[in-house]
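Subject: The model, and what turned up in it

Hi,

Here is the structure I promised to send over. Have a look at it first, then read on for my notes.

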Amino acid sequence: MKTHLEKTIFIVDDDPFWQSVLSQVLSDMGFKNIQLFNNGKDCLDNLHLNPSLVFLDYQMDETNGLEALPHIKSKNSNTNVVFCTSFEDLNVAISAMESGSHEYLLKSRATKTEVTRILTSLN
Amino acid sequence: MISFNFEQFNDIFPFYMLIGKDLKITALGKSLKKLYPEILHQSFPEIFQVKIPVPAKEQSADIFKLTHQMVILNYTEDPLFDLRGQFEVISASEQLLFIGTPWFKSIEELTEKSLTIHDFANHDPSFDLLHSLKNQETISQDLKKVLETLKKQKNELKKASKEIEETALFPLQNPDPLVRIDTHGSILLANPSASKLISYTYKNRHYPHKEFWKTISKELQLNEEKQSFEIEADGKVYSFIVIPIIENNYFNIYGRDITPSVDADLALKKEVELQNILIDISSKYINIELEHVDQAIQKSLEALGEFVQADRAYIFDYDFSNETTSNTFEWCRAGIRPEIDQLQQIPLAYFPQWVEKHAKGEPFYIPDVSLLPDEGPDSLRGILEPQGVKSLITLPMIRNHKLIGFIGFDAVLKTHEFEEKERKLLFLFTQMILNITERKDSERHLKIQEEKYRNIITNMNLGILEVDNHENILYANKRFCEMAGYSLKELHGGKATDLLLEKKGHQLLEEKRNLRNQGISDNFEISVKNKAGEKKWWFVSGSPNYNDDGELIGSLGIHLDITSQKELEKELIQAKEDAEASTRAKELFLANMSHEIRTPMNAITGMINQLRKTVLDSDQTFYLNTINSAADNLLIIINDILDLSKIEAGKLSLEEIGFEPHHVLTRVMQVMGHKAEEKGIKFTNSTFDSQISNVLIGDPYRLNQILLNLISNAIKFTEKGNVDITFELISEQDDIQNIKIGISDTGIGMEEEFVKNLFKKFHQEDSSITRKFGGTGLGMSICKELVELMGGKITVSSVKNQGTSVFVLLPLLKGKAENLPTTKPNTVDTSILKDKLILVTDDNDMNRLVASTILSNYGAKILEADNGIKAIDQVEKFPVDLILMDIQMPMLDGLKATKIIRQKEITEIPIIALTAFALKGDDVKFLDQGMNDYLAKPFDEYQLLETTCKWLDNDLRNDKDKAESINKKLPDSTEKLYDLEKLKALSPGNKLFQQKMIDLFKTLSSSSMQEIKDAYKSSNREQIKKIAHRMKPSISSLGITSIQQDIRKLEEGNMSDENIQKSINKIDKVIEEVNQELEHIQL
Amino acid sequence: MYGIVNKAIEDLIITQYGEESWDNTKEQINLDIDFFLINQVYDDQLTFQLIEAAGNVIGKSQNELLKELGIWWIVKLSKERYGSLMTTGGQDLREFLINLPAFHTRVMMIYPKIQTPEFAITSISRNNIQLLYKSKRAGLVNFVYGMLIGLAKLFSSQVKINITPDPFHPERSALFDILWI
């Protein structure tokens, strides 16, 4: 049985800055297996790696978050998807939740505490 | 014995029906059940009808008897549903079994019932048969389509074929022979006209047509574009053109009948001859030298005359001013008598029809003179017959729509019909003659003009200089040489600049050369030195010089010596400056005078007022009143003098306010009334025109002054009798009323001589009067000046010892009640002065005393300074509330001091200028220098209080403060450029992470900025939005708050292009700064 | 193959890509035939030639075109001429697929010269059917794929289709994994 820290996590975002920020927070929390992708297509192509958790950015070129979401869910309905966005737009978040995202994370609020809270609510 | 279980049976017969003895349906196959479950337990005969076999007369047939045959049942609830099958009796259970299958006509019916293959037993062929049926349908539809397509194609083919036929007919119908031969001469195609030709004659040899084509084919080349040859065939001449068609290896040959006719030949010959003559003549005339024109014309007349077989050819000029015509050129055939000498100045009246025809541009043609009416020696016939003319033709010469002459040809020996062709030729000849004479005339004209201009240039008073592109002199006329002092030889080839100019002039000419190069002409003055070394001033009009091809070859200059004018100009300038200086001097004097005089006056009146406020006994009061009255008088005199000076300097300004003329009159009468009474004379107002407007616009104070002056004079010089004043309306135009005010007295009057000089300054009839009557003698001249300033006129009439009348005519605008000035509140709220600290700056202690005393009476505290420097000092030391600043002070005058105070950022203290100047336009000067207001000296108590209280008023000052604080820039908030706290919080203590993030930010932000700028350049708003969105989080993480709003705006993407540019620039700048700082950061 | 196939290609090209494209296709292979009779049997080669030429003309790969043809076949052709017939195969996609082998057998009866491929259901679950396709002809896997997609459209079903080619005969045999979403 894998410990939860060994689980595979995907960070899908076209901003390298944000990728670094989030991966640092997660690795500080102890996660070891973090994969980074720049767009939705790359993420989908690698779903066979079976991530337990996907941090999905909303606005990207080549398949944005909302488009990729159903595909991720259909591949494995157990995968948890957390929607990341810097749009303080409730509508986007709601659409994401409807499409099967479990949570959403505002980039400006990305802290260890916030991420921990999200992870707790998922498990 | 085969037995099936239930399932098997259903599989095999899914549409079975089991009917009980009672005719009720007891069981259904699964598919039938699926279709119509309601059938179960129904009575069979009630819901089913047997279609086949066709029921017999007796309706109620026993269905149990319907075995061993095919049956078709119809379900009455659904008339479209039939079942086909057979009945079997199950004897054991006494039941009737129907086994069958739905009988559909088409597969659609099947699917309508939502049946699928599944519902049918596998062995049941009905499904496949329906499918097969469908297929056949489709195939036959398909075939139908094929047939249609075929039909269409057949029709198109028919059409195309018909078109080709028609097209093919075309060459067949051609009357010219058309042949197509291959390279060996075999005839591929030939049209009927070609086929008709049997024998060909080519190059004087005969060929039968087949042989001919074979022969000719040898001479033809496929690769030559066009070839041609001529043959004779069947008595006709043909010209053939050969067009080779390389790709198909054959020749298309097109023939043309070129058989000439005998007559045609001849006519052709003559045409050719005609053309030749014309060409000959015209070529001669085109290039002819003008001297040879006459000779050439003569020769042409001869050639033409011969050609048209005339005996005489001539040219005449029309002279319409004299109404005559004269013969200018004549040619006669040998043996024919010339008539030119007799044919001069023939009156046109002799042959009006001739002239008329010519005037219309038509030729005048007489085929036979003998056929003309015989009307005597002056008729046409009478003139022509003696000349022996039998036929004639004349053609008009019209140039520029004017008839200038004619050309004519006579036949003398016998009559001659001038054919069409001949007439044409003659007409053309006429045109040519016209042309050549016109050229001759214009050349002559040109020569004359040239002469004229040459003379002008040579003899004029302007110097002409022609230079090339490098200022080398090409030509100079006589006058220029004189002006320059050099001979033409000395000038020619030299440089104008070198010879005549000093260095400054070189530069100017350089500029001018540039202008010429651009094709610009202009005028300018230049200083030169002539050969003798004398300095001269020239006025030059320069223009670029072009050759006939439009190329710039230099410039032309026309020069005029203006040395003497320049001298004059200098003198005039000097004079003007002197005059101005003198005026300025006068002004200064005036101002000074004003100040010097008013200052002590101010003190006197001020002190008088103060004294009055103290307790006085009756003696003191009397003395005081005397002093007061003397001071008043003095003030009047001073004011008069100053007024005059002001008027002279043009510095007196008149009011333009509404006033009531009636009121003015009443006041004047009040003031002067008792003076008259004192002298025992009557003072009346006999007339006041009711038509005069109630309100007029003008200067009531000055009007008052004038009236007082005149009335006082009248009273002064009248011992007995009366003084009368009248107001009349003379006339009215639009808004202006012309008022005439008359002041008449019964006084001593004036001599005529005196009247003349009345308005001169300082003039009184005799000096004794001055002493007797007092006065400076300025009054009248001031009145005159004032009246004239008002646009009016003043006139005097007087008779010695009888009296005087003075009339003042004034044009005044009509006013309305609104124009009247509102009465000023007479009281000033002086409470504001209490405990205020006021700085009084004036070099004169008297003036200071006056101001201080008044102000301290109302509770103000006073500081004094006697010059600007001390004033500044005081302001810096003490919290002054208001400054009174005298303007003219030693050491540092008031204006400069104010400027310095303002420069020290002391903007809230009001500074009031004290000035005796108050000339027109000075107030602006004060306000410009930082003053808030000004008081004219001598000011009275009321004016001083009013002004100081106004400026001390808290509200005013507060508003000013507010206004100023608004204008002051907001101090830049102590905003940090960026903040790493947030970043540090993400992974506390992790310096590596922080450095990495910082590096990342630097790279990303620079590249993103570049992307945004590129996107902006290519107007890609979507891209800008995307990049801005991307940058937002990192900017937020680094706490770069100053641009967060801008990034957000860019992300929204609703700004104008201008604002986008601004935001981009701002963000760019801030990020650069941040990155630079991050460069040097120590974590 | 029966002319109906070639006719379908013609229809597809003309309708979706224009008459000119079809004319160019014909020109490329120097086609003399003006009209395909649906009931006539034409050389197999002709059909493959048409596919190749058409693909060149319209700029799509042959596989792409075959797929399009498959979809076209079902959605356009069958619906128009054989609409009812198709629905006899089943009420929904699942039923149809299950009936497919039987259906195909019936079809064979009408076209005696037809060389039909083999269809077999290798696995059925609630939302998944695995269909094995085996043919004697090579190169038509995509055509079948297209037809499956067309069928899904016809029956308004949302499916995801996975193709696993037969490792030994990948050009004429494949397993189609049809997943209902």
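Below are some notes on confidence, then on chains C, B and A.

This is a predicted model, where local features need pLDDT of at least 70 and side-chain atom pairs count only at pLDDT 80 or more, while totals for chains, interfaces and linings use all residues. Residues are numbered from 1 along each chain as its sequence is written, and chains are lettered from A, ligands numbered from 1, in the order in which they are written.

On confidence, the model scores ipTM 0.73 and pTM 0.33. Chain C has a mean pLDDT of 85, with 97% of its residues at 70 or more (pLDDT is the predictor's confidence in each residue, from 0 to 100).

Chain C first. It has six helices and four strands, in the order α-α-α-α-α-β-β-α-β-β along the sequence. (Helices, H or I with at least four residues, and strands, E with at least two, are DSSP runs numbered from the N terminus.) Of the 181 residues in chain C, 33% are buried. Here buried means 20 or more other C-beta atoms within 10 Å of a residue's own, exposed means 12 or fewer, and partly exposed is in between, with C-beta atoms placed from the backbone. Looking at contacts in chain C with a separation of 6 or more, 64% are between residues 24 or more positions apart; a contact means that two C-beta atoms, placed from the backbone, lie within 7 Å.

Chain C also meets chain B: 20 residues of chain C are in contact with 20 residues of chain B. On the chain C side, α4 (62-88) and α5 (93-110) each supply at least two of the residues. That side divides into nine nonpolar, eight polar and three charged residues (Ala, Val, Leu, Ile, Met, Phe, Trp, Tyr, Cys and Pro count as nonpolar, Asp, Glu, Lys and Arg as charged, and the others, Gly among them, as polar).

In chain B, helix α5 (residues 126-172) has 47 residues and reaches 69 Å from its first C-alpha to its last, close to the 69 Å expected. (The expected span is 1.5 Å times one less than the number of residues.) The buried residues of α5(B) are F127(B), L130(B), H131(B), N135(B) and D142(B).

Helix α23 (residues 779-789) of chain B is mostly covered, with eight of its eleven residues buried, including K784(B) and E785(B). The elements covering those buried residues include α18 (618-648), α20 (700-716), β30 (793-799) and β31 (803-815) of chain B. After α23(B) comes G791(B), which has a positive phi, near 90°.

Now for chain A. Where does UniProt place "modified residue: 4-aspartylphosphate"? An unreviewed UniProt entry puts that feature at D57(A); such positions are given in the numbering used here, feature names are shortened, and annotations may be inferred rather than shown by experiment. D57(A) is in strand β3 (residues 53-57) of chain A. D57(A) counts as buried because it has 28 C-beta neighbours inside 10 Å. Leaving out residues up to four places away in sequence, D57(A) touches V12(A), D13(A), D14(A), G65(A), C84(A) and T85(A).

Cheers
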